[in-house]
Amino acid sequence: MLSKKAKYGINALVYLAKKYEQGPLLIGDIATHENIPKKFLEAILLDLKNVGILGSKKGRGGGYYLIKSPDEVNMADVVRLFDGAIAFLPCVTHRYYERCEECKDEKTCGIRSLFKEVRDQTVEMLKNNTLSDIIAREQAIIEQEDI
């Protein structure tokens, strides 16, 4: 399950993507529109800025904006930023690998094999879906409802 931080981060990024190249947006406006506590959002946006997804401008007309195109921001990177490993078991992660204490033999472990497949497919889906894809999905759902 996604943490609140990851969920809020994705919501804020989608909002910023919808306003891409329209100038910096105030934290308060993002917080209000996306129903995110402002103080929590400040920390989230700072994390996104520190990894080079967002930029910020101080002073009058300031706020946060996407540095990267919405086509370049994939969900795997965002989820990993806030939640770490994308896996149910530590023995199937790439970046956060840990051997399971109770495991007798990783090479023949059917449990590991299943959850590695789940991890691989999940990571692939998240890597192949960007902010632009999420916006396109929303638009497709809206258009289907109008039919």
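Me: Which residues in H1 meet Leu 131, Ile 134, Ile 135 and Glu 138 in H6?
Reply: In this predicted model, the H6 side of the contact consists of Leu 131, Ile 134, Ile 135 and Glu 138. The residues of the contact of H1 with H6 divide into 7 nonpolar, no polar and 2 charged. On the H1 side, the residues are Ile 10, Leu 13, Val 14, Ala 17 and Lys 18.

Me: Which element gives the most residues to the largest nonpolar core, and how many?
Reply: The largest nonpolar core has 32 residues, and Leu 13, Leu 45 and Leu 54 are those with the most contacts inside it. Elements giving two or more residues to this core include helix H2 (27–34), helix H3 (38–50) and strand E2 (63–66). The element that gives the most is H1, with 9 residues.

Me: Which residues does Leu 13 touch, not counting residues up to four places away in sequence?
Reply: Leu 13 belongs to the H1 side of the contact with H6, and Leu 13 is also among the residues with the most contacts inside the largest nonpolar core. Leaving aside residues up to four places away in sequence, Leu 13 touches Leu 48, Ile 53, Leu 54, Leu 66, Val 73, Val 78 and Leu 131.

Me: Which residues of H4 and H5 make the contact between these helices?
Reply: The axes of helix H4 (residues 75–83) and helix H5 (residues 110–127) come within 6 Å and cross at roughly 115 degrees, and H4 and H5 are therefore roughly perpendicular to each other. By class, their contact has 5 nonpolar, no polar and 2 charged residues. The residues are Met 75, Ala 76, Val 79 and Arg 80 of H4, together with Val 123, Leu 126 and Lys 127 of H5.

Me: Which residue caps the N-terminal end of H4?
Reply: Within H4, the buried residues are Met 75, Ala 76, Val 78, Val 79, Arg 80 and Phe 82, and what covers them includes H1, H3, H5 and H6. Just after the helix, Gly 84 takes a positive phi of about 80 degrees. At the N-terminal end, a side-chain oxygen lies 2.9 Å from the backbone nitrogen of Ala 76, and the capping residue that provides this oxygen is Asn 74.

Note on methods
Residues numbered from 1 in each chain as written. Predicted model: local features only at pLDDT ≥ 70, side-chain atom pairs only at ≥ 80, totals over all residues. Heavy atoms only, no water. Axes fitted to C-alpha atoms, helices over the stretch in contact; angles between N-to-C directions. Helix = DSSP H or I, 4+ residues; strand = E, 2+ residues; numbered from the N terminus. Parallel < 35°, antiparallel > 145°, perpendicular 65-115°, else oblique. Contact = heavy atoms within 4.5 Å. Nonpolar A, V, L, I, M, F, W, Y, C, P; charged D, E, K, R; others polar. Core = buried A, V, L, I, M, F, W, Y, C linked by side-chain atoms within 4.5 Å. Buried < 20%, exposed > 50% of the residue type's maximum accessible area, 1.4 Å probe, protein only. Polar contact = N/O pair within 3.5 Å; in protein donor to acceptor, adjacent residues only side chain to side chain.
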